[in-house]
Structure formats: structure tokens, C-alpha cells
Amino acid sequence: MALRGPLFRLLRSQLNHNRQQHRAQSVAVLGAPFSKGQKRRGVEHGPKAIRDAGLLERLSHLDCPVHDFGDLNFHHFEKDDPYMHVPFPRTVGRANQILSNAVSGAVGAGHTCVMLGGDHSLAIGSVEGHARQCPDLCLIWVDAHADVNTPMTSPSGNLHGQSVAFLLKELEDKMPNDIPGFSWAKPFLASRDLVYIGLRDVDPGEHLILKNLGIQYFTMRDIDRIGIQRVMEETLDHLLSRKPRPIHLSFDIDAFDPSLAPATGTPVNGGLTYREGIYITEEIHNTGLLSAMDLVEVNPVLGANREAVESTASLAVDVIASSLGQKREGSHVSFQEIPTAKEDTEQLRL
């Protein structure tokens, strides 16, 4: 049940206080050009496409220092035999270990870390690295897909559809302990610390996991039924009512309707509108608790034309900027008070 009336206003007041305290938090942008969590080429070019769409320039207008850490270099194993029907396990495992170390370093240095993917298997390392610095974090997963398959339930075997299963403590006994490349990865997240938003393509095994573990999730039908404002109230209530704590936002661009984000690998009709997606990120920013985020699955190769690629990458920039404080009424950090007329100004008018 969502917080209502005085109780919700009290939580909102506490979150606004957090936002003021975190206003000048610096941002670290970290590129992860990686595609082996699935089989379609092109998503490794996502970080460049997002930067080319003006990300750093947009962030420079916000009230926080921005540091671009460039792109990580990932090693691709020449011999990387499938595990069961899971392709490239060693390559994916090693890439996520590298990413985990980088995210941990960025968050440990006091930055809000923005990871640019790359496919969504990268969330394994991104969230794990964040949790090393913030073990009490909570996770908001905005996606058309639940990405909580295990190797035994996954129809495709692709690891970008199994990311969350590597994170959840309740699935530890359901995951094989001998997946090559993942000996370093140990589950750390409780199912009650996770909320999904935007689901509309959930595999049968995933549906069983969601129900059995009692994971809080909102499908597109839920958003149609109760509205995005109520969804965000219930999300923040569920995750933050016990205590304020760091938020990790993992945002797959395919959460949006394909009419808005066509250049992605697994589009599903009936997704978020622009206003719904941006409202999600605005509300997360308003908590003052966003500590790290992923923006993944922008695939320039899959855009039907240049316009499709540019619109998808520009949407990714909007999502990131909104998560970090860009407001739809404009970001007005240049003026802290109304300027007064000065003698020099009067002379210019003559």
C-alpha cells in the first residue's frame, strides 16, 4: 500500500532534505562497450552513441561536477565454450568483474556513477560494485523484461536476461555454482530490496520466480491502471519506508515504447511514454538518494536509419540528465536569487 496523507508528506520532507544534502554530488561517467551478454552485434557502440548525442554537454549544465572516465577495455576469450546453453560465460564474467571494480572505485571516491552500456548483463558487475561500497542499497529495475531467468529457465541462454538472478540471495541455491567466469560473484541483494517498473515481456520461469519470492513489480498494465505517480509512490514506499538508503537505478532503454526507442535489441510494443519514463527518473532524483545508475541496450546498428539511432540515443541522454537533476521546467542553477538592476545595466540601456 502506498504512503498517503501525513505519512507520505513526512517521507517526502525527509527525501527533500536528502536532496539538498546531495545537491553538489559529482558524477562519474563510465562507458562499458560490451555485447556478449546476448548475440546481436552493435550494442557495444551504445556508449559512443550516447556521448555523441550530447551527454557530457547536457550534464555540464547541471549543478554538479562531471568526470568522464572514458570506456573500459574488455578481454574477449578466444575459446569460450557455452555453459549449458549459455554463450560466452567467461567473457561476460570477466567483463563484469572489471566493471564491478570500476564502479566500486567511482562510488568509493564519492561520485554518483553513470554506467553506459552495452547490454544489460553488465548490471551484474555494476550493481555488485556499487554494493561493495553501499551494502544496504536498493535496486530499481526499469525494463520491459525481468532479466531474472536462471540458466535452467532461460529460453535463449543469453546472460543479459539473467542479470538479476546473479544478484538475489534467495536464488543462490537455484543458480549453478560452476558457471565459468563467475567464481567472484556472490549474491547479496534481498528480493524485498528490488522493484521492477515497466514489465511487459516476462518468461514463464521468471513469472514463477517473481511470484514465489514476492518481488514487487509494476507491469505496463499496472501503470495504465493506477498511473505512474502512484507507481512511484508505492516504489519509494516499498524501498525507503524503513530507512533512507542508496538507490541503484538500472534503466534499459527498451522500457520505452519502440516508437520512442527503436534502436534497441529486444523492443516490445506498449512501453513507457516519454512523460512516464522521465517522471520515474525525476522522482528518483527527488529522493536525493541516487548513488549509481545504468543506461543500457542502446544499439546503433539496429536503428532503421540515422533518425532512429539519434532519437534513441537522445532519449538515453534525457533519462540520464533527468536522473541527475534536469527539470522539465528548465534547470536554473545559474541564478540563486533575482538579479538587481545595477548602474552599469542602466548605462547599457541608454
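**Reading helices, pockets and backbone in a predicted model**

Mentor: Let us begin with helix α5, whose buried residues are covered by elements that include α4 (89-108), β3 (111-117), β4 (138-142), α6 (163-167), β7 (247-252) and β8 (290-296). Please keep in mind throughout that this is a predicted model.

Trainee: How many of the residues of α5 are buried, and which are they?

Mentor: Helix α5, which spans residues 123-133, is mostly covered, with nine of its 11 residues buried. The buried residues of α5 are A123, I124, G125, S126, V127, E128, G129, H130 and A131.

Trainee: What should I know of the chain as a whole before I go on to the details?

Mentor: The protein chain has 12 helices and eight strands, and buried residues make up 57% of its 350 residues. Among the contacts in the chain with a separation of 6 or more, 76% are accounted for by residues 24 or more positions apart.

Trainee: At what angle do α4 and α5 pack, and how far apart are their axes?

Mentor: Two packed helices are described by the angle between their axes and the distance between the axes. Here α4 and α5 pack at an angle of about 35°, with their axes 7 Å apart, and their crossing is right-handed. On the α4 side the contact is made by N96, L99, S100, N101, V103, S104, V107 and G108, and on the α5 side by A123, I124, G125, S126, E128, G129, H130, R132 and Q133. Sorted by class, the residues of this contact are five nonpolar, 10 polar and two charged.

Trainee: How do the axes of α9 and α10 cross, and which residues make the contact?

Mentor: The axes of helix α9 (residues 228-240) and helix α10 (residues 274-287) come within 10 Å and cross at roughly 35°, and α9 passes α10 in a right-handed crossing. The contact is made by I228, Q229, M232, L236 and L240 of α9, together with E276, Y279, I280, E283, I284 and T287 of α10. By class, the residues of this contact divide into seven nonpolar, two polar and two charged. When you look at such a list, remember that an α-helix has 3.6 residues a turn, so residues three or four places apart point the same way.

Trainee: Which residues lie nearest the centre of the second largest pocket, and what is its volume?

Mentor: Rolling a probe the size of a water molecule over the atoms shows where empty space is left. The second largest pocket has a volume of about 330 Å³, and of the 22 residues that line this pocket, H145, S156, H160, G161 and T266 lie nearest its centre. By class, the lining has one nonpolar, 11 polar and 10 charged residues. G161, named here in the lining, is also one of the residues that E206 touches.

Trainee: Where does the backbone show a positive phi in a residue other than glycine?

Mentor: Most residues other than glycine have a negative phi, and most peptide bonds are trans. M84, in the loop between β2 (66-71) and α4, has a phi near 55°, and D147, in the loop between β4 and α6, has a positive phi of about 50°. M84 is partly exposed, because its relative accessible area is 47%, whereas D147 counts as buried because its relative accessibility is 5%.

Trainee: Which residues does a cis peptide bond join?

Mentor: A cis peptide bond joins G117 and G118, with omega about 15°, and G118 is found in the loop between β3 and α5.

How values were computed. Residues numbered from 1 in each chain as written. Predicted model: local features only at pLDDT ≥ 70, side-chain atom pairs only at ≥ 80, totals over all residues. Heavy atoms only, no water. Axes fitted to C-alpha atoms, helices over the stretch in contact; angles between N-to-C directions. Helix = DSSP H or I, 4+ residues; strand = E, 2+ residues; numbered from the N terminus. Left-handed = near helix turned anticlockwise from the far one by under 90°. Contact = heavy atoms within 4.5 Å. Nonpolar A, V, L, I, M, F, W, Y, C, P; charged D, E, K, R; others polar. 1 Å grid on protein atoms, 1.4 Å probe; cavity = no way out; pocket = protein on both sides within 12 Å on 5 of 7 lines; lining within 4 Å. Points joined across faces, edges and corners; volume = space filled by probe spheres on them. Buried < 20%, exposed > 50% of the residue type's maximum accessible area, 1.4 Å probe, protein only.
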